[in-house]
Every structure is written in C-alpha cells, then in structure tokens.
Amino acid sequence: MITFENVNKYYGDFQVLKDCSTHVNAKEVVVVCGPSGSGKSTLIKCVNGLEPFQSGKITVNNVSLGDKNTDQNKLRARIGMVFQNFELFPHLSVVQNICLAQEKVLNRSPSESVERAHALLERVGLLNQAEKFPSQLSGGQQQRVAIARGLAMDPVVMLFDEPTSALDPEMINEVLDVMVQLANDGMTMMVVTHEMGFAKRVADRVIFMDEGHIVEDEKTDVFFSNPGSDRAKDFLSKILNH
Amino acid sequence: MGDFDFAVIIDNMPFLLKGMQTTLLLTALAMVGGIVLGTLLALARISSVKPLSFVAASYINFFRSLPLILVIFWFYFLVPLVLGRPVGGFYSVLVAFTLFEAAYYAEIIRAGITSVRAGQFQAARALGLSYGQSMRFVVLPQAFRAMIPVLLTQGIILFQDTSLVYVVGLKDFLVSAELIANRDQRLIEMFTFVAIVYLIISYSASQGVRMLQRRMQR
C-alpha cells in the first residue's frame, strides 16, 4: 500500500529523515513512535506530499509521489490525514467541514455529500452536533469530526499525526475508541502517537525513530517484549513507567 | 464680515449633495477595486513563484513610496494619453485611487493571510483541494474575517483622501462647497460646514468599526 525507499529530507543543512525505508501493507495498522524531533511527523507528512523530500521514493497504491505525471491533488484526496491540532475550518459548520472537499474535489452533489457526512457523524457519535461550529465542540469532539472529514473522501489509507497530543486526558479515549473501531474495520492506518496502550491493542507493527533514522521496525509484540536497540529500550522505559 | 449666514448651506443643498454623492461613490468604488486588486497582489506577493512575487512587491513598494497627490495628477494626464481620447476626471481619479489603494490593501491582506495558521492550509491541501481552492474556500474567508476592521479603517482614510481630487477640479463634496463658498463669499460658513460633515462621517464610521471589532472579539 505505502512504500518508502531510502527517503532523505533536509531543512536547509539539517537532515530530518535519513535513508528511511519501510512499508505499510493494506489493512495494516502501523504505529510510528520516538522522541520529539526524531522525524516521525515529517515521515508521515511526506506520504501525502505536505512535506517535500529531496531524495528517495514514496509510493501509495503503486503511484509514485514525486512523479511529475502524478495528479498530486487526486492522490492526496485518497489519503486521509488527521492533525494534532484538528485543523477543522472554523468558519464552516461541522457538516460543511465534511462536505467541502467532497463537493470540490470528488464532485459529489451537495445532497450526496451531506448524506455521507451524516452517516460518518453517526459513526463517530456526533450526528447531533452537525450544525454546530468547531469552536462550540470539545477537543475530543473536534478530533472525531476531523476523522469523519478524512473518511468522507473514501481514503485508501488514513494518516494520524499525534491525534491525541493536544487533548485533555479525559478526551483521549473517545478519539482512540474511534481509531480502534476504524482499525477493526480494516482501514490501513499509519499513526504517529505516544499512546502505547493503543499501539499494543491495534498495531500490527511499530516503527521507532530516532534522529531521523528508522531504528526499529518490528511486529508489535516483539517491539514491546524485546526491542532490539538500546535507544528503543530507553524510550520505552521512560514512556511506560508512569 | 462678522455676520454669518448659514442659509447658504441650505440654499445650495442639492449641489452639495451631488458633490457628496461623487465623494461617496469614488470612495466605495476605489475601496472595492482596491480590495480586489489588493487581494490579487497579496496572493502574488506570497506566491512561491519568484517573478510573480517580485513584480507584486515592486508594485506595492512603488505606490507606497509616492505621494497620493502625485499619482492623481499623473493619471489625470496619463489615462487620456493612453486611451487616445479624453476621459472624465472621475474615471481618471478612480483609476488612480484604485491602483494606489491596492498597494495598501495588499499589505493588509497579506498580513491577514499570514495570520491564518499554516495548519489550515495544510489540512485543506491534505483533503485534495488545489492551491487555489485552499486559498478561496479556507484561507481567504478566515483572513478577511480577521481583517474587516483594518480594511474598513483604511476605507475611512480613503474617504478623507478623496478630497485630494481638488487638484484636478473634480466636483466632489469639498470642491462643490468651495465653488459655492467663493461665489457667495461665504468661505467661513462653508468650510466649517465641510469640516463638520467630514468629522461626523469619519468619526461615526470609526466608532462603527470599533463596535464591530468589540462584537467580533466576543
């Protein structure tokens, strides 16, 4: 589904991604973790072209990202993305947030888009909030709307960039529950998160990054029971002991 | 001298109103034109296409470095020359004001666009919206909402600046009043009246903007 081949990325002289190679199979859930500044968010932002990379190759559904013949907008539309800060559009209502790209990118009719939006809002448990504006919702509710907005495009893969990091603790679970449900439904997912409980429960594989390198790329149970590198051991001991 | 006769104002009201009409029409059209052109300039200015951004920056710096009165003069003589036929004074000053104001509006709008969080643009792109669609449906609506008070304040400045059409003799409110003042030898009455009218309109407009600003903050 997604392949990374020797991806290198620089911000000026600083190298953020160093020779990153990995893959995500269809229906697989891959969690990416690591200390802050390790390049994990940058890695998934490369998948939908939000961050350009200087060398290497990323393909999604066998379509190469850097290729000049690739319609970047069309490709992006099929890759759902959920951001740390939700990034709902504050001037649009919940239902309009979910309909905008359906109408402008997929050319769905307004009635079709609204129907789809309502179905997805029901799925994330927010149908009764459809006409509200983002600022009237809690953080957890906003993030669930953001997930629904991504799903409305019928994505082949969903990317999550620290989806619960900006949430109050009591709201984290309502978002994780939606993500678990999504994983169980067979969605291909790539998730940057520090929620190791979530990783243990639904991830097929865990990628551990440090200083721009992919240090570990293991099956979930192996990663938690017997990480191969000292850096991953160190990271896990810090993050799991509380 | 010594005895004031404010009846001169009442007697010439239709003529003065016509002048005010010109002033308001010029203000409104130059504001709309300036905002439209200013938006395009702002988009060009922030564009990653270097030549486009350079041209926009040059335009903005050029007009912001010139006195408005010079621009008005210049276009008064230039526009008929370019078109090869005389145009009314109104159109020449309208062009001058629009082009001049656009430079100021562009800077306001650029600030508005950069005030919208980068994540909003990323989210729009991530949904598959093109650059143009992301600007049009996501970034600009938010930018304009934040900018409305500043844009209106610039409009009030423009309203006052339109009196500079005096230099080309266009019959706006001020020039109309001056014509009557000279004809009837009622300079003090007339110019006092003009000052009060400008004061009332500008002050109430700026109070309106402040109220709007306060309501938006709530």
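# A guided tour of the predicted model

Begin by selecting A:Met209, which is found in strand β9 (residues 205-210) of chain A; helices (H or I, at least four residues) and strands (E, at least two) are DSSP runs, numbered from the N terminus. This is a predicted model, in which local features need pLDDT of at least 70, side-chain atom pairs count only at pLDDT 80 or more, and totals for chains, interfaces and linings use all residues. Residues are numbered from 1 along each chain as its sequence is written, chains are lettered from A and ligands numbered from 1 in the order in which they are written, and side-chain values use heavy atoms, with hydrogens and water left out.

**Stop 1: A:Met209 and its surroundings**

A:Met209 has 0% relative accessibility and therefore counts as buried. Here, buried means under 20% relative accessible area, exposed over 50%, and partly exposed in between (1.4 Å probe, protein chains only). Now display the residues in contact with A:Met209, neighbours within four places in sequence being left aside; among them are A:Leu17, A:Cys20, A:Val32, A:Lys40, A:Leu43 and A:Val215. Contact means heavy atoms within 4.5 Å. For a distance across the chain, select A:Gln141: its C-alpha lies 30 Å from that of A:Met209, and the two are 68 residues apart in sequence.

**Stop 2: helix α1 of chain A**

Next, select residues 40-47 of chain A, which form helix α1. Because 7 of its 8 residues are buried, this helix is largely enclosed by the rest of the structure. The buried residues include A:Lys40, A:Leu43, A:Lys45 and A:Cys46. Just after the helix, A:Gly49 takes a positive phi of about 75°.

A:Asn48 is placed in the loop between α1 and β4 (55-60) of chain A. Is A:Asn48 buried or exposed? At 1% relative accessibility, A:Asn48 counts as buried. Beyond four places in sequence, A:Asn48 is in contact with A:Arg76, A:Ile79, A:Met81 and A:Leu159, and also with B:Ala126.

**Stop 3: salt bridges**

Over all chains, 15 salt bridges are found, each being a side-chain nitrogen of Lys or Arg within 4 Å of a carboxyl oxygen of Asp or Glu. Select A:Asp161 and A:Lys45, whose closest N and O atoms are 3.9 Å apart in a salt bridge. A:Asp161 belongs to strand β7 (residues 157-161) of chain A and A:Lys45 to helix α1, so the pair ties together parts that are 116 residues apart in sequence. A:Asp161 is buried at 4% relative accessible area, and A:Lys45 counts as buried at 15%.

Move to A:Asp185 and A:Arg123, whose side chains meet in a salt bridge at 3.2 Å, N to O. A:Asp185 lies in the loop between α6 and β8 (189-192) and A:Arg123 in helix α4 (residues 110-123), both of chain A, so this pair ties together parts that are 62 residues apart in sequence. A:Arg123 is partly exposed, at 36% relative accessibility.

Then select A:Asp234 and A:Lys238, another salt bridge, with the closest N and O atoms 3.2 Å apart. These two are 4 residues apart in helix α9 (residues 230-240) of chain A, and so are separated by about one helical turn. A:Asp234 is partly exposed at 38%, whereas A:Lys238 is exposed at 56%. Elsewhere, salt bridges that share partners join A:Glu28, A:Arg205 and A:Asp217 into one network.

**Stop 4: nonpolar cores and cysteines**

A nonpolar core is a set of buried Ala, Val, Leu, Ile, Met, Phe, Trp, Tyr and Cys residues joined through side-chain atoms within 4.5 Å. In the largest, of 50 residues, A:Ile147, A:Met158, A:Phe160, A:Met179, A:Met189 and A:Phe198 touch the most other members. Helix α6 (residues 169-184) of chain A supplies the largest share of this core, 9 residues. A second, separate core of 41 residues includes A:Cys20, A:Val156, B:Ala126 and B:Leu127.

A:Cys20 is buried, with a relative accessible area of 0%.

**Stop 5: helix α4 of chain B**

Finally, select B:Leu70, placed in helix α4 of chain B and partly exposed at 42% relative accessibility. Helix α4 (residues 68-83) gives the most to a nonpolar patch, with 9 residues.
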